[in-house]
Every structure is written in C-alpha cells, then in structure tokens.
Amino acid sequence: PRRKLKLANPVIRAAAAAVALAVTLVLAACEPPGPTAYGPKFGAFGYTEDERDGGAWRVRFTGNSETPRETVVSYALYRAAQITLAHGFDHFAVMDRRVENLRERPRGQIEPPSFITRESTYQSDATLDAGRTDLGPRREKEWLTATLVVVPYRGTPPAGALREEDARGVIQRIGPMVRGGK
C-alpha cells in the first residue's frame, strides 16, 4: 500500500509551498525553446496593446532571438486586425511603425528584459557578480519588438497613414502562419 506524505507541521508546509513557488517562478522566467508563439505577453514575450487618444491603438509584439523579424511584424499586424474587428471596424490605418532590436550583453548580474531599454545594455556592479551561483556560460540575449500605432476606421482612412489594411484580409493572410493561440 502506498503511504501518503502528510505535512502536519505548518512551518514545513509553508516551506514546501515556498519551494514549489520558487521553482515555478524560475521555470516561468526561462526563455522557451523555438520562436515565440503568438499570444498575450507572458514574461518578456508576446503582444500588448493600449488605447491612445483619438481612437488610436499602440500594439506591440516582442519575440525571442529565434523569432524571425517578419514573424514579429506579422504578429503585431495580426493583433491590430483582431482589435479592429473586436471594436466593430473593418479597416485600420498604420500611422507609425517601428521595429527595435534589443540586446542584453551579460557582464555581471543579468537583469530581466524590463530593465533593458532600446539600444542600451545593462551591466552590473562587479560586486554583484561575485555572488553568482549559476555555473553556465553567459551569452548575449537578443529579441525584437515591433510597435504599430493603428487607427481602426470606416470609410475614408485618416490622413497621414503609412498604409491601410483590411482587417479580415490580414486575418486570412497571416492566420495560417500563426503559431500559438489565435
């Protein structure tokens, strides 16, 4: 017969829960293998969006170093099309487009990507590096972020648009290549 492990002591139960949480957080922080799948931002990768003044939306997709530039841009465009359709519009105008190549060159303690800014690197104080416990080699991390500012519309596109898109056409064109959640 199999015996069930019983943690009667509340201190031991709390310690076991803390260890389980720590392991979960460490695993969640690891960069998944392969190109970034399409989906909302989880950790450093995925899409985000926020509504701007005048009905505009800023849409971002960040992919890891294995995600091709074309995929990063396509996923941002795909998300813009989803937002457009969800708000009852058929078309959207791309008012601004930017693709940033972000790099993290390790030297010392590595900070999470939220501390890295465009065209910059984070390098820690040498005293922080002295307490390093990981034994693996440090390698440069790289990721791409595509940012679009889009305006969903009906009828005439807004002035100053870089390009206009049919949201359903974008979904049909890009949808088959989307890896992950749709």
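This is a predicted model: local features need pLDDT of at least 70, side-chain atom pairs count only at pLDDT 80 or more; totals for chains, interfaces and linings use all residues.

**Stop 1: two helices.** Select residues 69-86, which form helix α2, and residues 167-174, which form helix α4. Their axes come within 9 Å and cross at roughly 140°. That makes α2 oblique to α4. The crossing of α2 and α4 is left-handed.

**Stop 2: where they meet.** Now show side chains. On the α2 side, pick Ser 74, Leu 77, Tyr 78, Ala 81, Gln 82, Thr 84 and Leu 85; they meet Ala 167, Arg 168, Val 170, Ile 171, Arg 173 and Ile 174 of α4. Color this contact by residue type and you get eight nonpolar, three polar and two charged residues.

**Stop 3: the core.** The largest nonpolar core has 24 residues, and those touching the most other members are Tyr 38, Phe 61, Leu 77, Phe 92 and Val 150. Which elements give two or more residues to this core? They are β2 (57-63), α2, β3 (91-104), β4 (141-153) and α4. The largest share, nine residues, comes from α2.

**Stop 4: Leu 77.** Center on Leu 77 and look beyond its sequence neighbors, leaving out residues up to four places away: Leu 77 touches Phe 92, Val 94, Leu 148, Arg 163, Glu 165, Val 170, Arg 173 and Ile 174.

**Stop 5: Phe 92.** Move on to Phe 92, in strand β3. Is Phe 92 buried or exposed? Its relative accessibility is 0%, so Phe 92 counts as buried.

Terms used: Residues are numbered from 1 along each chain as its sequence is written. Side-chain values use heavy atoms; hydrogens and water are left out. Axes are lines fitted to C-alpha atoms, for helices over the stretch in contact, and angles run from 0 to 180 degrees between N-to-C directions. Helices (H or I, at least four residues) and strands (E, at least two) are DSSP runs, numbered from the N terminus. Angles under 35 degrees count as roughly parallel, over 145 as roughly antiparallel, 65 to 115 as roughly perpendicular and the rest as oblique. A crossing is left-handed if the near helix is turned anticlockwise from the far one by less than a right angle, and right-handed if clockwise. Contact means heavy atoms within 4.5 Å. Ala, Val, Leu, Ile, Met, Phe, Trp, Tyr, Cys and Pro count as nonpolar, Asp, Glu, Lys and Arg as charged, and the others, Gly among them, as polar. A nonpolar core is a set of buried Ala, Val, Leu, Ile, Met, Phe, Trp, Tyr and Cys residues joined through side-chain atoms within 4.5 Å. Buried means under 20% relative accessible area, exposed over 50%, partly exposed in between (1.4 Å probe, protein chains only).
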